[in-house]
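This report examines a single protein model.

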Amino acid sequence: MDYTDISERISSLMQEIRDIQEMNTRYWKLNVQTQPEQSAHAAREIRLLQIKEELSRMMKMPQQKATMRWQLGEKR
């Protein structure tokens, strides 16, 4: 994955986070949350955790590549 791909993916994830925030705002404004609404809210929480994990993996990628180059004796 190159930096252009990473940048596009981050932009996509940021948009997804904004969408989830908007849906959660609407959810909390409801006087009564039905079971389907509660289930959708729980699914959004799970998705936010998945996004967090993906971003964490992406942050480690450059460090892993640099470590591999160093271990292989490549110079940059």
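The sections below treat the basis of the model, its nonpolar core, one methionine and an aromatic pair.

## Basis of the model

The model is predicted, so local features need pLDDT of at least 70 and side-chain atom pairs count only at pLDDT 80 or more, whereas totals for chains, interfaces and linings use all residues. Residues are numbered from 1 along each chain as its sequence is written, and side-chain values use heavy atoms, with hydrogens and water left out.

## The nonpolar core

A nonpolar core is a set of buried Ala, Val, Leu, Ile, Met, Phe, Trp, Tyr and Cys residues joined through side-chain atoms within 4.5 Å. Buried means under 20% relative accessible area, exposed over 50%, and partly exposed in between (1.4 Å probe, protein chains only).

Ile6, Leu13, Ile20, Ile51 and Met58 make up the largest such core, which has 5 residues. Helix H1 (3–29) and H2 are the elements that each give two or more residues to this core. The largest share, 3 residues, comes from H1. Helices are DSSP runs (H or I, at least four residues), numbered from the N terminus.

## Met59

Met59 belongs to helix H2, which covers residues 35–72. Met59 counts as exposed because its relative accessibility is 64%. Between Met59 and Ile6 there are 10.0 Å in space, C-alpha to C-alpha, although the two are 53 residues apart in sequence.

## The aromatic pair

The structure holds 1 aromatic pair. The ring centres of Tyr27 and Trp28 are 5.0 Å apart and the planes stand at 80°, so the pair is edge-to-face. Rings of Phe, Tyr and Trp (its six-membered ring) pair if their centres lie within 6.5 Å; planes under 30 degrees apart count as stacked, over 60 as edge-to-face and the rest as tilted.

Tyr27 is buried, because its relative accessible area is 9%, whereas Trp28 is exposed at 59%.
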